[in-house]
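Subject: The structure, and what turned up in it

Hi there,

Here is the structure I promised to pass on. Have a look at it first, and then read on for what was found.

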Amino acid sequence: MWGRVWALIVKELLSVWRDKKSRFVLIVPPLIQLAVFSYAATYDVTDVTVALFNQDQGLASRELVARIQGAPTFARLQVVDDEAALAAAIDRRDAMMGLRIPQDFSRRLESGQGATVQVILDGRRSNSAQIAAGYLTTIVISHNAAIAAQASQPVGPTLVTRVWFNPNLESLWVVVPGLVGVLTQVVALVVTGLSVARERELGTFEQLLVTPLRPWEILVGKTAPGMLIGLVEGSIIIAASQIWFHVPLTGSVALLYGALAVFLLCTIGVGLFISALASTQQQAIMGAFFFMVPTMILSGFATPVQNMPDWMQTLTLVNPVRHILVVLWGVFLKDMPAALVWHSVWPMAVLAAVTLTGAAWLFRRRMY
Amino acid sequence: MDALVRLDDVRKSFGATRAVDGVCASVPVGRVTGLVGADGAGKTTLLRLMAGLLAPDGGTVSASDALGYMPQRFGLYEDLTVAENLSLYADLRGLAPAEQGDTFARLLSFSGLAGFETRLAGKLSGGMKQKLGLACALVATPRLLLLDEPSVGVDPVSRRELWRMVHELADQGVAVVWSTAYLDEAERCHSVLLLDQGRLIYDGPPKDLTQRMRGRSFAVRGIMDRRVVQAAARRHVGVADALIQGAAVRLVLAEGAAVPAAAELGAPQAVVEPVAPRFEDAFIALLDRHGGPVPALPEIVHHPRPRGGAVVEARDLVRRFGDFTAVDHVGFDVAPGEIFGLLGPNGAGKSTTFRMLCGLMEPSSGVARVAGIDLASAAPEAKQRLGYMSQKFSLYPDLSVRQNLDFFAGVYGLSGARRKAVCGAMLDVFALGPMADTNAGQLPLGFKQRLALAAAILHGPDILFLDEPTSGVDPLVRREFWGHINTLAGDGVAVLVTTHFLDEAEYCDRIGIVYRGRLIAVGSPEEIKASARNPEQPDPTLEDAFIALVEACDREERS
Amino acid sequence: MIRLRRLWALVRKEMVQIVRDPSSIVIALVLPVVLLLLFGYGVSLDARHVAVAVVVPEPTQRTASLVTAFANSPYFEVEELRDRRPAEDGLVSGRYRGVVVVADDFDAQASRGLDAPIQVLLDGTDANTARLVKGYAEGVWAKWLGYEARDRGAALAVPVNAETRVWFNEALESRNFLVPGLIAINMTLVGTILTALVVAREWERGTMEAMIATPVGRLELLAGKVIPYFVLGMGGMALSVAIALILFQVPMRGSFWVLTVVSALFLVGALNLGLLISTVAKNQFVAGQIAIVAAFLPAFMLSGFVFEPSSMPLWIEALSHIVAARYFVTCLQTIFMAGDVWSVILPNAGALLLIALVLALVTLKRTRKSLE
């Protein structure tokens, strides 16, 4: 009996590997995605152009400007001479941010009154603009501290910000562990989702059904390769994260693999479900696509789950990718303890039980 | 004579394969020219070269511009209606709107599609699609009509109609090129271009080629066991071909060979009579690629089975799809050592019957038993004892030959040394050794078919299910294939086969004709033929009998 | 050389097929709506009601006013704790996205005018939120300092004050710029997949072979595909714009005719890209794969719809210049949020036109009237 299942598993692996098309699907898109996502999926804001309209001739304004110019984020300062040019620079998207220093700036500062500078942000890029504005605020705050120190005025309580787990806010550290989940999902889904559909198209599925293989043996034979290939793909990305991207891996690798295996079971269940329903590879790919896009969008990979409307946050509880991402970021960056990992693993285990039983049930019904 | 196509030393290669290799020929007006050859002989490529869809690598092709072309899958838009398809091609081919009405009316009545104008092309039967495809190719009254395997998947009745239409066109002065792998069709052409591996090996009227075979075709009649006689004849020096045909065995002698005596064929009481040669005889003689003796099948496959009783039982089988009854109370038995053929037009229910018997589909009612085991209750036990070969090549194209055999041996529970021995023997018997590491998908069709058979029998089944096993392969491979089947039947293996080829049905011990979900006739080929005998047709072929039975059934339905 | 009757016959055929086989309609009209709804609700960069723990070991009046300052901010959802430990654990588990900690002797130190640090701990696994939260926290802190000074009757201790104004998007709704970007991505997917799949289908079903055997010219063949799917694609576009305006309340400050022209230019390019893909991939499976990798992925990642190309490594930024969606996203964000700013629209529309033309020429060149 295990001999039969073993023969099936060997065959599955061989046919995935020897088929040019599926080998391509397994290797090229994940690599492209790894490269593109790792480098392009960045919320970093660098190289910001600031349009500067300085109406003040005084020393104080020049000091502030020099401080801004010294910050690495604000690489380019575009000096304009009037209000209209400032507006045009923003309209044309030449500058993401405008800074207007009023005429009385130096005078008011010297006289000890507070002075106000005006910051204009391009709302068409409000996220980046806000972050850039945040950098500017930080500069202004330290400028103020310097002024206060010079005047030896008492300072109030200061604000000290410390970022845990990812002190330099490297996008790579966040994106690459996330990709472990996202890309293994793609691969496992495609492998299992296409396997039965491909056999149906080739006519080999009938050939399988007339052999003494029992339905559950076929099911196991179809599950194992997805799991195996998913784990290999995951390991490759984990290896890349260490060797190439140098992302810290603070937690337990065993926990990581355990959670990944449960996650893959979930995904494979869905893949088998799609497989059982689809009669052509085309339909299977469509099915996989329609499952993959929402699970990725609503996982927290691109934008945080907490930013979604409440009803949608509830909906994401049935999204396995959401749970695995918590584990991945936790184990990679936060040295997450087993108890907390378990919090995310059990929902995936429940989902896996549901998708696998559903697939087995559908598989029996759609066998012929 | 006026020629509409001239081919001068035409060559075309795809990678390393020479699809068309130095063909010189011409196609005359007012004739039906058959483009004949086995699958992969280069027919489609040559036709596409004539249609200007491909450019030749060498040589010249000159063909009339006024051409109509029907590709293998007819080129119909399945979600357009009959009328919409016609008017699309009319507009594309520049038929003036004023003429369209008359032309459509003429074409629709010519093709027998009048009354179906608003039906979607996808909802037409195979034969009707074929006729619509032809009508679309004819819409701008071409002088040259190129038809790529128009009779594939068309039942014998529609096939006859199609031939009638084509001959009518030729009589009106159209030059028709009809490509086909069926050798009986070649005889209906005025002239034949016979292709083999891209080369033109014969150009002329089919009769001339057949005439060369005069005095070399014989029938051995009055025999007890056809398969014994066939096997003996095969071994006999001087016999180029031995073929079962109903109750008789047909012999084709090698050039200059003496007629074998009945006793030499293991049937002393039999009579050896000369018969009229067929095109196929000539084809076999021309392509004589006989190799050495074929090694015997390994013992696990080739061993005597117990006789007696029925090993395949269909009892009152019914299968419904919604309101539609695909199989309507069909019942028959197959005994060990018997070859039972299921015949019928597409969609008649023969595949559905077949699928229920090998456990691929559950019957709505009735019982399907294999080896005495009800498929509904203990399928795996029954399946261990059956072998199955489907009409589509259904092995894993990306696995090598050896990996395919290994896999099937594995799922049938063979392991270790036994698996190795069986797979090795299969490679030898089916001459697959040199290709053991080639991907199955890249094998030539004949080898694919051998591999499929090898995979279906390597576990030594007692019952063999063959679904249109030889469609598309050339007559040589078909003969080899039936040689193995006959050996197995001789061992007591029960064989259930569906087929389109009526001459293949002649190899069966009994045949059942399925039409509109019912089994309308069961009997030996001779009995079926006898049932159609009447004063007009004193010696009906199986095709005549088939058509007569189907028409009688239609008449009954109507009244 | 285009014969109008032949072209019309092709267009009519395609239209009938679109009506009879709903898969094209699903791709053109249903897919963008579903994606837009999904992304519109699911993708948001607005960090509101961020869960934050404020750890106050010894509550006093001063700490109470600090907690209130955080609680009053629309950005924070505050939980006050006495212990540092659970707060830090909450940061690990993801329960809190930030923790504000003051020392035991915070009040004493602050009263004496000494430096009493307020520590803010942020979760770096969500870099974007961390950056935003940092900015929000600084804002709350600055405001609180002001109140404190006023309450104690002291002069405002802050010399320079930055007053921020956001143009085009006063409420800082990320949806306002994300939704126009999404429309661009949807139209990339729709336009490319439509033609790629439809032509691949003709190859698969063998109708392309019959078509090539007729006197139809390749320009007619291509135009016969582009015209009907252009109409369908513009339908999908109109639907997307309607959803953006009505459901997501995105402002529309530009004019509709500019929107129409720019969308038309972009769609023609996308349809041609699909045709180009189908000259390479003659079956729907491969065509679909390539369409996703060659059209969807670049549009999503490199168009500037969420990720700023200027912040990417140089080689990726350079790559983004050949992505049509980048110009389209820029146009759409400007038309919706800023208005008909010609200095933005003209160069970007020009780029779209250029891309469409190049793609059309390449496709025409690659489409041979033969089977090879």
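One definition before anything else: a residue is called buried here if 20 or more other C-beta atoms lie within 10 Å of its own, exposed if 12 or fewer, and partly exposed in between. Please also keep in mind that this is a predicted model.

With that in hand, let's begin with helix H11 of chain A, residues 281–297. Which of its residues are buried? They are Gln281(A), Gln282(A), Ala284(A), Ile285(A), Gly287(A), Ala288(A), Thr295(A) and Ile297(A). The cover over these buried residues comes from two chains: it includes H7, helix H10 (253–277) and helix H13 (320–334) of chain A, along with helix H2 (23–42) and helix H11 (284–302) of chain C.

H7(A) has a packing partner of its own. Two packed helices are described by the angle between their axes and the distance between the axes. For helix H7 (residues 171–202) of chain A and helix H9 (residues 215–243) of chain A, the axes come within 9 Å and cross at roughly 155 degrees. Angles over 145 degrees count as roughly antiparallel, and therefore H7(A) is roughly antiparallel to H9(A). The crossing is right-handed. On the H7(A) side the contact includes Val176(A), Leu183(A), Val187(A) and Val191(A), and among those they meet in H9(A) are Lys222(A), Pro225(A), Ile229(A) and Ile237(A). By class, the residues of this contact divide into 13 nonpolar, 7 polar and 2 charged.

H13(C) contributes Ala324(C), Tyr327(C), Phe328(C), Thr330(C), Cys331(C) and Thr334(C), while H14(C) contributes Val344(C), Ile345(C), Asn348(C), Ala349(C), Ala351(C), Leu352(C) and Ile355(C). The residues of this contact are 10 nonpolar, 3 polar and no charged.

Now for how the chains meet. The contact between chains C and A takes 80 residues from chain C and 83 residues from chain A. On the chain C side, helix H6 (residues 127–151) gives the largest share, 13 residues. That side has 45 nonpolar, 24 polar and 11 charged residues.

Chain B touches chain A too, with 26 residues of chain B in contact with 21 residues of chain A. Helix H11 (379–384), strand S19 (386–389) and helix H12 (401–411) of chain B each give two or more residues to this side, and H12(B) has the largest share, 4 residues. The chain B side has 13 nonpolar, 9 polar and 4 charged residues.

Finally, one residue in chain B. Leaving aside residues up to four places away in sequence, Leu549(B) touches Ile513(B), Ile520(B), Ala521(B) and Ala532(B). Glu99(B) is 450 residues from Leu549(B) in sequence and 42 Å from it in space, C-alpha to C-alpha.

Enjoy exploring!

Best wishes

Key. Residues are numbered from 1 along each chain as its sequence is written. Chains are lettered from A and ligands numbered from 1 in the order in which they are written. This is a predicted model: local features need pLDDT of at least 70, side-chain atom pairs count only at pLDDT 80 or more; totals for chains, interfaces and linings use all residues. Axes are lines fitted to C-alpha atoms, for helices over the stretch in contact, and angles run from 0 to 180 degrees between N-to-C directions. Angles under 35 degrees count as roughly parallel, over 145 as roughly antiparallel, 65 to 115 as roughly perpendicular and the rest as oblique. A crossing is left-handed if the near helix is turned anticlockwise from the far one by less than a right angle, and right-handed if clockwise. Two residues are in contact if their C-beta atoms, placed from the backbone, lie within 7 Å. Ala, Val, Leu, Ile, Met, Phe, Trp, Tyr, Cys and Pro count as nonpolar, Asp, Glu, Lys and Arg as charged, and the others, Gly among them, as polar. The expected span of a helix is 1.5 Å times one less than its number of residues.
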